[in-house]
Each structure stands twice: as structure tokens, then as C-alpha cells.
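Visitor: I have a model open and would like a guided look at its residues. Could you walk me through it?

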Amino acid sequence: MWTPSEVICIVDILHRYQPVVVQSNVMPRFTVHVRDEWLTIPCKDATCSIKWLGFEALKRYIKNKPDNGGIQHVKEVCFAVRRCQGFGLLDNDDIIEDVLEDNDFVEL
């Protein structure tokens, strides 16, 4: 089944709708809440794990804080990832494309 962003309806001269499938190579992105910040994380490879998404969000969080956000080593941080809509807890070993959709909001 095609998602709405992949189907465009074209109206011809006789006002008939003709669905046209458009392949989109748009890179998915996710908004991740870490402590007091919301970070947009682009995902070049949606076959990465939720754990990767969490570490990427932590790296960006630390990068934007003058004192590293009080975090010394990213790899030593333990975290859980939860969807903001429905509050579903995600397993760190899950594959992103299996459990999230483009533009989803999650929190660490």
C-alpha cells in the first residue's frame, strides 16, 4: 500500500482522477527529546537500530551543550527510547523502519 506522500492524483481534462505513484527518496528524520532539548535526527539508513538513534541524539545533545550536558562518555549512558505518541517503549535492538515512521517523535 502506498502512503499519501507517495501518491499524487492528477485530474485530466475530463475531471477523472488518475493516481500516479511517485518514488520519493526523502531521508527520514526523527525528533528526539533529550532532557530539555528537542533534536532533529536525519536517518540515512532506516535499517539502523533504535540504539543507534539514541546514541546519535546523545552525541548531538552533548555537542550543543557547553558543559557536554553533564555527560562524559556517550557509550556509557544507559537509556530507554519511548514514542511520544502512545508512549510505547521501544527495544534498543529494533530496526528503525520496523517501529517508527518518518517525522515521529521519541524521547530518551
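**Cysteines, core and rings**

Guide: Happy to! Cysteine 84 has a relative accessible area of 23%, so it counts as partly exposed. Please keep in mind that this is a predicted model.

Visitor: How many disulfides does a search of the whole structure find?
Guide: A disulfide needs two cysteine sulfur atoms within 2.5 Å. A search of the whole structure comes back with zero disulfides. Take cysteine 43, which is in no disulfide: its nearest cysteine sulfur belongs to cysteine 48, at a distance of 5.3 Å. The number of disulfides is therefore zero.

Visitor: Is cysteine 43 buried or exposed?
Guide: Buried means under 20% relative accessible area. Cysteine 43 has a relative accessible area of 0%, so cysteine 43 is buried.

Visitor: Where is aspartate 93 found, and is it buried or exposed?
Guide: Aspartate 93 is in the loop between strand E6 (89-90) and helix H2 (96-99). Its C-alpha is 9.1 Å from that of cysteine 48, although the two residues are 45 apart in sequence. Its relative accessibility is 64%, so aspartate 93 is exposed.

Visitor: How are the rings of tryptophan 38 and phenylalanine 105 arranged?
Guide: This is one of two aromatic pairs in the structure. Tryptophan 38 is in strand E4 and phenylalanine 105 in strand E7 (residues 105-107), so the pair ties together parts 67 residues apart in sequence. The ring centres are 5.9 Å apart and the planes lie at 70°, so the arrangement is edge-to-face.

Visitor: What is the angle between the ring planes of phenylalanine 55 and phenylalanine 79?
Guide: Phenylalanine 55 belongs to helix H1, while phenylalanine 79 is in the loop between H1 and strand E5 (81-83), 24 residues apart. Both phenylalanine 55 and phenylalanine 79 are buried. Their ring centres are 5.2 Å apart and the pair is edge-to-face, because the planes are at 85°.

Visitor: Which residue has its charged end over the ring of phenylalanine 55?
Guide: A charge has to be within 6 Å of the ring centre to count as sitting over it. For phenylalanine 55, a charged end lies 4.6 Å from the ring centre, and the residue it belongs to is lysine 75.

Methods
Residues are numbered from 1 along each chain as its sequence is written. This is a predicted model: local features need pLDDT of at least 70, side-chain atom pairs count only at pLDDT 80 or more; totals for chains, interfaces and linings use all residues. Side-chain values use heavy atoms; hydrogens and water are left out. Helices (H or I, at least four residues) and strands (E, at least two) are DSSP runs, numbered from the N terminus. Buried means under 20% relative accessible area, exposed over 50%, partly exposed in between (1.4 Å probe, protein chains only). Rings of Phe, Tyr and Trp (its six-membered ring) pair if their centres lie within 6.5 Å; planes under 30 degrees apart count as stacked, over 60 as edge-to-face and the rest as tilted. A charge sits over a ring if NZ of Lys or CZ of Arg is within 6 Å of the ring centre and within 35 degrees of the ring normal.
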